[in-house]
Amino acid sequence: MTYAILLAGGNGERMGGSVSKALLSLGGLPAVVRCARVLSSFADGVILVTRPQDTEVIHKTLLEHGLRDVLYAPAGEDRQASVRNGLTLLPSACETVLIHDCARALVTESIVKRVLDAALHHDAAIASFPVTDTLKETEDGKTIRLDAGPDRSKYRAAQTPQGFSTKLLQRAHDNAEALGIRGTDDAELVALLGVPVQLVTGSRENIKLTVPEDLRMARGILYAREAPFNAIRVGHGYDVHRLVKERPLILGGVTIPHPFGLFGHSDADAALHALMDAMLGAAGLGDIGLHFPDSDTAYEGISSSKLLSTVKRLLGEQGWKLLNADITIVAEQPKLAPYIPEMRRNISNLLSVLYYDVNVKATTTETLGFEGACEGISATAVCTLMYLKEKEVTE
């Protein structure tokens, strides 16, 4: 059994903000979500170590992205203490443990696999990368010594993840505590036992988010990784349904109390229909009538939320990812403002994007036209898609 300990206890002070670095958005996903998804592919469980004041919001964020099987441990006074707190939650059957910094949010599955394979064979392994900059020794931090600097060919830049035999890592922490030693990473503590730590190839792109410049570089890396040909497309959708009695009024996947509802073959959710047409149009995949014809009894009365999930899957199979969507609902009655936050939450969850990546607005026509006469409701939507040629660049 393998577990992963994900360290997210930093306060983000050097990043220049009060928000935890774990919640920084990268390509539409919080850093903690990116890390947890990759680690979950290899680990039987994930232990997230974070500050108590951040636990609730991080837990909610992970749930919104379908990451439920996560245990939580409190961050310690330093990295070593945080890892030790995470180790206390490991089940007795855990034989191998991965340690990863949430600040390295661009970690890839191939890096994790290399570290895990090496740890399984050698008991201790870390991701690393050759040092390419010339190293200079300094005494005051302002000037360099005249003698030659260290031979960089002998040095490697340590990264995470780092993988270890669980018993070995626990012994290394116990030993460091007994000696009063505070290490900068777990590999240092294991090396103190005289156990060799295997080096596996990391990546230049596996950068650590420390200062604002790192965040800009990370977003640039993601853009180059996920949109190699600048493949951005915009889609537009429109839908309208008439209002009738004895039908529920459903907009944005939310049932709204009203004496009239929208008539249609499905649940007639005009907002979601417009959004689906915008998404399909941007991807060049036709419209909802092509994929869900009203002549097919399979779609009679079907929830448009289910149809939206299908559209998301279709786009994903073609390599498309939604970046953002903006929906406008035109209705004289009822007043929709109280229901818009729930619509946005529903749509963002269905599409696996952030709440703020989906915007919903409502307006009237000042009693003009069929919307103004309360005969029907219309909706328009605009969305942006990004083409993902590859899931991962060659390292």
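Visitor: What separates Glu 317 and Arg 313 in helix 10 (residues 304-317)?
Guide: In this predicted model, Glu 317 and Arg 313 are four residues apart in helix 10, and therefore about one helical turn lies between them.

Visitor: Why is the contact between Glu 317 and Arg 313 called a salt bridge?
Guide: The term asks for a side-chain nitrogen of Lys or Arg within 4 Å of a carboxyl oxygen of Asp or Glu. For Glu 317 and Arg 313 the N to O distance is 2.9 Å, so the pair meets the cut-off and is called a salt bridge. In general, side chains of opposite charge can pair when their charged atoms come close.

Visitor: How do you know whether Glu 317 and Arg 313 are buried, partly exposed or exposed?
Guide: Exposed means over 50% relative accessible area and buried means under 20%, with partly exposed in between. Glu 317 has 53%, so Glu 317 is exposed, whereas Arg 313 has 44% and is therefore partly exposed.

Visitor: What makes Arg 79 and Asp 101 a salt bridge?
Guide: Their side chains meet at 3.1 Å, N to O, which is within 4 Å, and so the pair counts as one. This pair links distant parts of the chain, with Arg 79 in helix 3 (residues 79-87) and Asp 101 in strand 6 (residues 96-101), 22 residues apart.

Visitor: Why is Asp 101 called buried, while Arg 79 is called partly exposed?
Guide: Asp 101 has 9% relative accessibility, which is under 20%, so Asp 101 counts as buried.

Visitor: What makes strand 8 (residues 156-165) largely enclosed?
Guide: Seven of the 10 residues of strand 8 are buried, so the rest of the structure largely encloses this strand. Strand 8 also pairs with strand 7 (residues 124-130) in the antiparallel sense over six bridges, and Arg 156 in strand 8 is the bridge partner of Pro 130.

Terms used. Residues numbered from 1 in each chain as written. Predicted model: local features only at pLDDT ≥ 70, side-chain atom pairs only at ≥ 80, totals over all residues. Heavy atoms only, no water. Helix = DSSP H or I, 4+ residues; strand = E, 2+ residues; numbered from the N terminus. Buried < 20%, exposed > 50% of the residue type's maximum accessible area, 1.4 Å probe, protein only. Pairing = 2+ DSSP bridges.
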